[in-house]
Amino acid sequence: MNEILTPQPTLQRITPEALDAILTEAKQQKITSLALIGPDVDLQDGFWGKYWVKRLKHYPRIYQLSSPFIINLGEKLEYLSHLTSLLLCYIFFEDAQIKQFGNLVNLTKLDLSFNQIGAEGAKCLANLVNLTE
């Protein structure tokens with residue numbers, strides 16, 4: 001097993017280039033829970049640090065990207081149909097990329113906090129009928 005996918009009690013900082021390998025392995029291993037956060041999340045920052053620690057504690061795999069801009073993020077995630085829980089915070093993506101979330105049919109929990117989701121993106125998310133959170 002690749003060490004980068006081994007569940008960690010703390011986050012791992014990665015580059016956008018490393019994300020491709022992580023997502024490929026996540027697909028192969030049928031990982032069900034994944035958290036990707038942007039570089040602006042600071043777990044050491046008093047109130048906000050505690051806020052983030054609380055939100056992330058249920059995710060065994062937490063990756064902090066060195067850049068919030070991931071080209072074709074929707075395409076990269078659409079093959080992870082086994083995911084039941086996904087957190088994408090402070091990562092900038094467009095509504096068009098959310099359309100590709102339609103393949104994530106097993107999602108019961110989706111957290112897109114601190115992102116700019118428009119009306120088109122919200123319509124696409126409405127098709128994820130298994131969401132409970």
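F114 is partly exposed in this predicted model, with a relative accessible area of 34%. Together with F47 and W48, F114 forms a nonpolar patch on the surface, and the three share about 340 Å² of accessible area. In general, nonpolar side chains in soluble globular proteins tend to be buried together.

At 40% relative accessibility, W48 counts as partly exposed. Setting aside its neighbours within four places in sequence, W48 is in contact with D42 and F114.

W52 and F114 form a tilted aromatic pair, with 5.6 Å from centre to centre and 50° between the planes. This pair links distant parts of the chain: W52 sits in helix α2 (residues 46–56) and F114 in the loop between β5 (109–111) and α5 (119–125), 62 residues apart. W52 is buried, with a relative accessible area of 3%, whereas F114 is partly exposed. The structure holds 9 aromatic pairs, and one aromatic cluster is formed by F47, W48, Y51, W52, Y90 and F114.

Y90, a member of that cluster, deserves a look of its own. Y90 lies in the loop between β4 and α4 (95–98) and is partly exposed, with a relative accessible area of 25%. The phi of Y90 is near 60°, a positive value in a residue other than glycine. Most residues other than glycine have a negative phi. N72 also has a phi near 60°, again positive and again in a residue other than glycine. N72 is placed in the loop between β3 and α3, and at 37% relative accessibility N72 counts as partly exposed.

The largest nonpolar core has 28 residues, and L86, L88 and F101 have the most contacts inside it. Two or more residues of this core come from each of α1 (16–29), β2 (33–37), β3 (62–65), α3 (73–77), β4 (85–89) and α5. Helix α1 gives the largest share, 4 residues. L88 shows how many parts can meet at one residue: leaving out residues up to four places away in sequence, L88 touches, among others, L36, L73, L77, F93 and F101. Apart from this core lies another, of 10 residues, among them V41, W52, L56 and Y59.

Charged side chains make links as well. How many salt bridges are there? The count comes to 3. In one of them, D20 joins K76, with the closest N and O atoms 2.8 Å apart. D20 lies in helix α1 and K76 in helix α3, so this pair ties together parts that are 56 residues apart in sequence. D20 is partly exposed at 36% relative accessible area, and K76 is partly exposed at 24%.

R55 and D111 form another salt bridge, 2.2 Å from N to O. R55 lies in helix α2 and D111 in strand β5, so this pair too ties together parts 56 residues apart in sequence. R55 is partly exposed, with a relative accessible area of 22%, while D111, at 11%, counts as buried.

K123 and E120 meet in a salt bridge of 3.5 Å, N to O. K123 and E120 both lie in helix α5, 3 residues apart, which is about one turn of the helix. K123 counts as exposed at 55% relative accessibility, and E120 is partly exposed at 40%.

Key: Residues are numbered from 1 along each chain as its sequence is written. This is a predicted model: local features need pLDDT of at least 70, side-chain atom pairs count only at pLDDT 80 or more; totals for chains, interfaces and linings use all residues. Side-chain values use heavy atoms; hydrogens and water are left out. Rings of Phe, Tyr and Trp (its six-membered ring) pair if their centres lie within 6.5 Å; planes under 30 degrees apart count as stacked, over 60 as edge-to-face and the rest as tilted. Buried means under 20% relative accessible area, exposed over 50%, partly exposed in between (1.4 Å probe, protein chains only). Patches are made of residues with over 30% relative accessible area and no salt bridge: like charges are joined within 9 Å, nonpolar side chains (Val, Leu, Ile, Met, Phe, Trp, Tyr) within 5 Å. Accessible areas come from the Shrake-Rupley method with a 1.4 Å probe; for residues, only the protein chains shown count as cover. A salt bridge is a side-chain nitrogen of Lys or Arg within 4 Å of a carboxyl oxygen of Asp or Glu. A nonpolar core is a set of buried Ala, Val, Leu, Ile, Met, Phe, Trp, Tyr and Cys residues joined through side-chain atoms within 4.5 Å. Contact means heavy atoms within 4.5 Å.
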